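Let's take a walk through this fold together, one piece at a time. Keep the sequence and the 3D view open as you read.

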Amino acid sequence: MSTEDLPPAMPPQVISPRLTYRPLREEDWPFYLAVSQDRSVMKYISDPRDAEEIRTHSFDVRLPAWYPGCKHWLCLVIEEKTSGLPAGFCGFIDRDEGIAEFGFILAADAQSKGYGRESLHATIAFCFEQQDYRKLTATVTAGNAASSRALLSAGFVQEGTLRQNFFLDGQWQDDWIFGLLKQEYLTDK
């Protein structure tokens, strides 16, 4: 498919009271790398990785412009409105059949401020109200109580456990699978 055949990239209209959201850009690399190498942040997400691996496998693949139906993550930089400083990242990837998988990560100094919940609610609204997804899913490594609480508070339901599904910290970890249906979101709204 040539670039002329691609749908136009669309600026996401994700909004919330204390945060702004914008697509990931090249100049975000230092912040992205710092968050990705912070062991307190990455405890339930990834084993330590060097800068080249993070750049190649995580950052560069999230840089292309996003449009509905594309097969890469929409990665949004979360920024504090008052300071303009980056707080973390959130986004989703289309998993077909009207389903998007959601994810978020906050820098250590942005945690415990409610930013995870706020960005989660804003992204849910974007996915259901503007993109017409029918379901959102999220995968959380077992033991990640903060992420689990944020998802549950937003109306997600833990749909199951994938046993020994993710290799982390030298051993196989369980993954908790969460889901939220559009009609549940609309009912709770």
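Find serine 147 first: you'll see it in helix H5, which covers residues 145–153. Keep in mind that what you're looking at is a predicted model. Is serine 147 buried or exposed? With a relative accessible area of 15%, serine 147 is buried, because the cut-off for that label is under 20%. Setting aside its neighbours within four places in sequence, serine 147 is in contact with Phe104 and Val140. Now look for isoleucine 105, which sits 42 residues from serine 147 in sequence, yet the two C-alpha atoms are 9.1 Å apart in space.

Now zoom out to the sheet. Seven strands make it up, and if you read across them the order is S1-S2-S3-S4-S5-S7-S6. The sheet is open, and its pairing is mixed. Which strands sit at the edges? They are strand S1 (19–23) and strand S6 (157–168), each of which pairs on one side only. Going from one strand to the next, the twist averages 30 degrees. As for what links strands in general, they pair through backbone hydrogen bonds, either parallel or antiparallel.

Start at the S1 end. S1 and S2 pair in the antiparallel sense, with five bridges. One spot to look at is proline 23, whose bridge partner in S2 is leucine 76. Leucine 76 also has a bridge partner in S3, namely cysteine 90. S2 and S3 are antiparallel too, this time over six bridges. Five residues lie between the strands in the hairpin of S2 and S3, and there glycine 84 takes a positive phi near 75 degrees.

How many residues of S2 (residues 74–80) are buried? The count is seven of seven, so the strand is mostly covered. Both of its faces are covered: Leu74, Leu76, Ile78 and Glu80 are buried on one side, and Cys75, Val77 and Glu79 are buried on the other.

Further along the sheet, strand S5 (residues 135–141) pairs with strand S7 (residues 171–181) in the antiparallel sense, over seven bridges. There, lysine 135 stands opposite leucine 181 in S7.

Back to the cysteines for a moment. How many disulfides are there? The count is zero. Cysteine 90 has its closest cysteine sulfur in cysteine 75, but the gap is 7.9 Å, so it is too far for a bond. For cysteine 127, the closest cysteine sulfur belongs to cysteine 90, and at 9.2 Å that is too far for a bond as well. For comparison, a pair of sulfurs would have to be within 2.5 Å to count. Cysteine 90 is buried at 3% relative accessibility, and cysteine 127 is buried at 1%.

Next, look at the loop between S3 and S4, where you'll find arginine 95. At 43% relative accessibility, arginine 95 counts as partly exposed. Beyond its neighbours within four places in sequence, arginine 95 is in contact with Trp73, Ala100 and Glu101. Its C-alpha atom is also 9.4 Å from that of threonine 137, which is 42 residues away along the chain.

Finally, turn to helix H1 (residues 29–36). H1 lies across strand S3 (86–94) and strand S4 (99–106), and it runs at about 85 degrees to S3. Why is H1 largely enclosed by the rest of the structure? Because six of its eight residues are buried. Those are Trp29, Phe31, Tyr32, Leu33, Val35 and Ser36, and they pack against helix H2 (39–42), H3, S3 and S4.

One of those partners deserves a second look. H1 and helix H3 (residues 51–59) pack with their axes 11 Å apart, at an angle of about 110 degrees. That angle makes H1 roughly perpendicular to H3. On the H1 side, the contact is made by Trp29, Tyr32, Leu33 and Ser36, while H3 brings Ala51, Ile54, Arg55, Ser58 and Phe59. Sorted by class, the contact has six nonpolar, two polar and one charged residues. When you look at helices such as these, remember that an α-helix has 3.6 residues a turn, so residues three or four places apart point the same way.

Note on methods:
Residues numbered from 1 in each chain as written. Predicted model: local features only at pLDDT ≥ 70, side-chain atom pairs only at ≥ 80, totals over all residues. Heavy atoms only, no water. Pairing = 2+ DSSP bridges. Helix = DSSP H or I, 4+ residues; strand = E, 2+ residues; numbered from the N terminus. Axes fitted to C-alpha atoms, helices over the stretch in contact; angles between N-to-C directions. Contact = heavy atoms within 4.5 Å. Parallel < 35°, antiparallel > 145°, perpendicular 65-115°, else oblique. Nonpolar A, V, L, I, M, F, W, Y, C, P; charged D, E, K, R; others polar. Buried < 20%, exposed > 50% of the residue type's maximum accessible area, 1.4 Å probe, protein only.
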